[in-house]
Amino acid sequence: MALLDPNFQYHLQISADKNQVGKYVILPGDPGRVSKIAEYLDDPKHIATNREYVTYTGSLDGTPVSVVSTGIGGPSAAIAIEELVKCGCHTFVRVGTSGGINLKVHGGDLVIASAAIRGDGASAEYLPSCYPAVADFEVVSALAEAAKQSSTTNAGNAYHVGVVQSKDSFYGEVAPETMPIAPHLHNRWNAYLKAGCLASEMEAATLFSVALVREVRAGAVLTALWNVERSKAGLPDSVCKDNSRAIKCAVEAVRKLIVSDRSKS
């Protein structure tokens, strides 16, 4: 079978001509989260596992919906999205984790990305350097509506909508002083902080860039694990390892998009 067979997707190990995936896809990074997310779907079934890519498909209100892991970082995420688009998928919702930057973000809060700073390398293969990586407005709106239903104004249970930073080096964020380009990393981070950037993660900029080029919809909801800036400022913060609220937000947002799309047809 050819590496670039138009029907069989080499990395995901799925076929475009067998209706193995739904047109709506939830994208966690971690393969271990896929089966957990799939439990929110009706009649979920395992479709394929290959490398960092695990695929399950079920349904919401009778509409096929898939959950596909992307692995860590932009390059593997771009491959997943490209191959899913070839299978007819048109709506993507990333559900993942992040580290807070803006002081108003507490550990446990949800962060909905309206756009992403392109600190990744993969998006440069898709868009000019001056072109922004923005999420789809309909997807952002659905995520915000879903988040509002499960959130309060309490620290650790709130939600925020705004710009996030995507980068390729996790340790460039958490240990920038160990890098030869430490001054550059510190200056850039401080600029993002002053500009109001909400959180830092590793896939949104790539997801949004690929989606823009392939003319599909994409958005992202992230759990803030903690906020290093709050800790540095001596402000109260907590570490949150529970991603279930973000998962529920993503599932409900997809449900809202399905209902909205039906009303248009």
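**Figure 1. Salt bridges in the predicted model.** The count of salt bridges in this predicted model comes to 12, taking a Lys or Arg side-chain nitrogen within 4 Å of an Asp or Glu carboxyl oxygen as the rule. Side chains of opposite charge can pair when their charged atoms come close.

**Figure 2. Arg-94 and its two glutamate partners.** Arg-94 meets Glu-201 in a salt bridge, with 2.9 Å from N to O. That pair ties together distant parts of the chain: Arg-94 sits in strand E7 (residues 91-100) and Glu-201 in strand E11 (residues 199-201), 107 residues apart. Both of these residues, Arg-94 and Glu-201, are buried. Arg-94 also has a salt bridge to Glu-203, this one at 2.8 Å, N to O. Here the link runs from strand E7 to the loop between E11 and helix H6 (204-214), and the two residues are 109 apart in the chain.

**Figure 3. Lys-45 paired with Asp-43.** The side chains of Lys-45 and Asp-43 come together in a salt bridge of 2.6 Å, N to O. Lys-45 counts as partly exposed because its relative accessible area is 44%, while Asp-43, at 56%, counts as exposed.

**Figure 4. A four-residue charge network.** Salt bridges link Glu-138, Arg-217, Asp-261 and Lys-264 into a network.

**Figure 5. A nonpolar patch on the surface.** Tyr-131, Val-134, Leu-212 and Val-213 make up this patch, and together they have about 290 Å² of accessible area. Val-134 belongs to strand E9 (residues 133-134). With a relative accessibility of 34%, Val-134 counts as partly exposed.

Figure 6. Searching the whole structure turns up 0 disulfides. For Cys-87, the closest cysteine sulfur is in Cys-89, and at 6.0 Å that is too far for a bond. Cys-87 counts as buried, at 14% relative accessibility. Cys-249 has its closest cysteine sulfur in Cys-240, 14 Å off, so this pair is too far for a bond as well. Cys-249 is buried too, at 2% relative accessibility.

**Figure 7. Stepping back to the whole fold.** The protein has 8 helices and 12 strands. Its radius of gyration is 18 Å, close to the 18 Å from the globule rule for 265 residues, so the protein is as compact as a globular protein of that length. The C-alpha trace spans about 55 × 40 × 30 Å along its principal axes. Buried residues account for 52% of the 265. Of the contacts between residues at least 6 apart in sequence, 76% join residues at least 24 apart.

Notes:
Residues numbered from 1 in each chain as written. Predicted model: local features only at pLDDT ≥ 70, side-chain atom pairs only at ≥ 80, totals over all residues. Heavy atoms only, no water. Patch = residues over 30% accessible without salt bridge, like charges linked within 9 Å, V, L, I, M, F, W, Y side chains within 5 Å. Areas by Shrake-Rupley, 256 points an atom, 1.4 Å probe, with all protein chains shown as cover. Helix = DSSP H or I, 4+ residues; strand = E, 2+ residues; numbered from the N terminus. Buried < 20%, exposed > 50% of the residue type's maximum accessible area, 1.4 Å probe, protein only. Disulfide = S-S within 2.5 Å. Rg over C-alpha atoms; globule rule 2.2 N^0.38 Å. Contact = heavy atoms within 4.5 Å.
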